[in-house]
Each structure stands twice: as structure tokens, then as C-alpha cells.
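Hi,

Here is the structure I said I'd pass along.

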Amino acid sequence: MKRIIRLFLGLLLVTGLILLWQYNRKPPELSAAAPDKITTATALTQNFDADATAADKDLQGKIIRITGQVQRVDTGGAVVLAGDGASEVVVGLDTRHLSALKQITAGKLVVLQGKYTGYQKSGSADDLLAALGTTVHISAAGLSSEN
Amino acid sequence: MKRLWVVAAVLCMYSAAAQERFFTKTGTVRFYSKAPMEDIEAVNNTVTAVLDGSSGAFQFAVQMKGFQFRKALMQEHFNENYVESEKYPRAEFRGALTDKAAVAYGKDGTYNVVVKGRLSLHGITREVQAPGTLQVQGGRVTGKSNFTILLSDYNIAIPALVKDKLSNRITITIDLDLEPLKG
């Protein structure tokens, strides 16, 4: 009987520890993960300009390693990479990697890695955002070790 | 010569109007939930926004999957169970300043404004009115606003099990560093 109680308490402890770990688990470090796709900002925006629906479907849930020339850097933690023509790729840095902003300056070629989160493309005539061209969004990113 | 002056005047007017549009693709939106057992905060730093100074029209869009949380489980629940970001990938606001004349875009200063419009989230669109400030400095405009929404207004249900961890009342904070939109 004692053995059964010990076994039960042991199982309870293990379950509790797993739940605690699961609850406090941090979001994964995507910049260190194996990328699902390696591309450039120019090629990526070309795909969206050609067929945004297909490109969006292809990238859902994927980790992207992207090389591009920095257009602008926002101290809030985002980097804009030049795409094809007026199109751009906006890369939001992982809040744990904001110190990487010190290494990123306008005009520099950088390799960033993060998760594809969506896109914005010219819409209806009353759409103010239409003036901004195609924008592809990547989030929770960091500098790739390839830099 | 007279015709040349007219053309020059029209070009100047066009140029002034064009300069009165401001944009960002790297704005920040935070949301904050204060509940008895837990405070939850998330940030999205890839917000796209455009402000048309001449008409007062203002619009922003947020990719829901771009919100970052401190804990992975919160982020997963947010995307899968609450905002259903696979089905509703974007939140969007379309509105205008209630008093477009309140801001002099050519003069540095901080102006109190009120923005009124329609916020679409989780497939539901509702009227929203929010106070904020627009700070004009050196041709750029910094916009800040803070307002609250109710998750229940957007058909986002909180399961009874997490009622003490997630508030129905969410505070939204917006920070936008807008630059002149050329072309």
C-alpha cells in the first residue's frame, strides 16, 4: 500500500512539474532555429506582388531567414528591408533581441530570421494603407548567425 | 508667364497636400490585461499606419500573429483560442480625427486629438473613440493613444477556468512615429 501511495505522489509531483514548466515556458528563440525558408527581401516581395494569396499560403507558420538591405530602423524594435520596387519587408525583432538594433544601420545588408506573420497589399480606393505598396511582415526575429 | 505662375502655384499646392500624409510600418501596439491572478502584456512592433493631415483620416492595421508575449502558452492561447489569428489574421482601424483643424502640421508642438472610427477585430467591427496626442517635430509626427476595449464586444469569450487570469477589459496603447509619405 505504501508503495502505491509513493508511486501516486511521485506521479503527482512529475505531473505538477510538467504543468509548471509548460505554464512558464518562454516563446522559442526563432533566430537560432533551423529556418523553413531562406530567401531575400527582393525575392520575397516579388512573390507577393505576383500572387499574394499563394505566397501567403506557402509561408504560413514558417520560420524565414531573410537577407536584405536596411531601409529604416525603428528604435521600437523593427527593421524595414528594401524589397522589389516600392515593396518592403518589415521585420519586428524579438523583444529579447532589441540590443541587436545597435548593429543594424540604414543601408547595411543584414540577415534576419523570424516567423512570417502576414502581409499588407494595396486594397480598395478608400484604403489609406494602399499608398504604402506591398508589405510582408516577419516577427519575433533576431540577427542570424550568418551576419 | 502668367500661365507659368498658375502651374507653379498648382504644383506647390499639390506638394503641400502630398506632404500632409504621414506613415509608419513600424508602429507599436501593446495590450494589457489586469486580472486578479495575473497581468498579461503583449507587444506588436510592426504596425502599419497612415494619417492624412489634410482630411484628418487615419488608418492602421495589425497582424495578429505578430503579438509577442512573455510566456509561450499565453501566445498560443491568444492566437488559437481567443483572437483565432488563423481565421482573422488582421485587426484594422479606419477613422478620422474629430477636429482635423486642431493640428498644425507645419508648426512644431504637441496637440491633443480625438480619433473616432471603426475597429475590426476577430471578425467584428465596432465604433471606437480614443483620445491621443500628436507631436509634430521637424516634419515628423509622433502619435500616442491609450484606450480600452471589451473582449466581449468582439465576440472573444473567456473560459470560466481562466476568468481570474484574463480580464475582459483590455487596455490598448499605440505609439506611432510617422514620417512624411512621399509620392
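A:T134 is buried, with a relative accessible area of 4%. Bear in mind that this is a predicted model.

Where does A:T134 sit in chain A? You'll find A:T134 in the loop between β5 (109-120) and β6 (135-143). Its side chain makes a polar contact with the side chain of A:D49, at 2.8 Å. Leaving out residues up to four places away in sequence, A:T134 touches A:F48, A:D49, A:S87, A:E88, A:Q120 and A:K121, plus B:K25 from chain B. Since buried means under 20% relative accessible area, A:T134 at 4% falls in that class.

Now for the backbone in chain B.

- B:E84 is not a glycine, yet has a positive phi of about 50°. B:E84 lies in the loop between α2 (72-82) and β5 (90-97) of chain B.
- B:H122, also a residue other than glycine, has a positive phi near 55°. B:H122 belongs to the loop between β6 (109-121) and β7 (124-137) of chain B.

Is B:H122 buried or exposed? B:H122 counts as buried because its relative accessibility is 7%. B:E84, on the other hand, is partly exposed, with a relative accessible area of 28%.

Cheers

Methods:
Residues numbered from 1 in each chain as written. Chains lettered and ligands numbered in written order. Predicted model: local features only at pLDDT ≥ 70, side-chain atom pairs only at ≥ 80, totals over all residues. Heavy atoms only, no water. Helix = DSSP H or I, 4+ residues; strand = E, 2+ residues; numbered from the N terminus. Buried < 20%, exposed > 50% of the residue type's maximum accessible area, 1.4 Å probe, protein only. Polar contact = N/O pair within 3.5 Å; in protein donor to acceptor, adjacent residues only side chain to side chain. Contact = heavy atoms within 4.5 Å.
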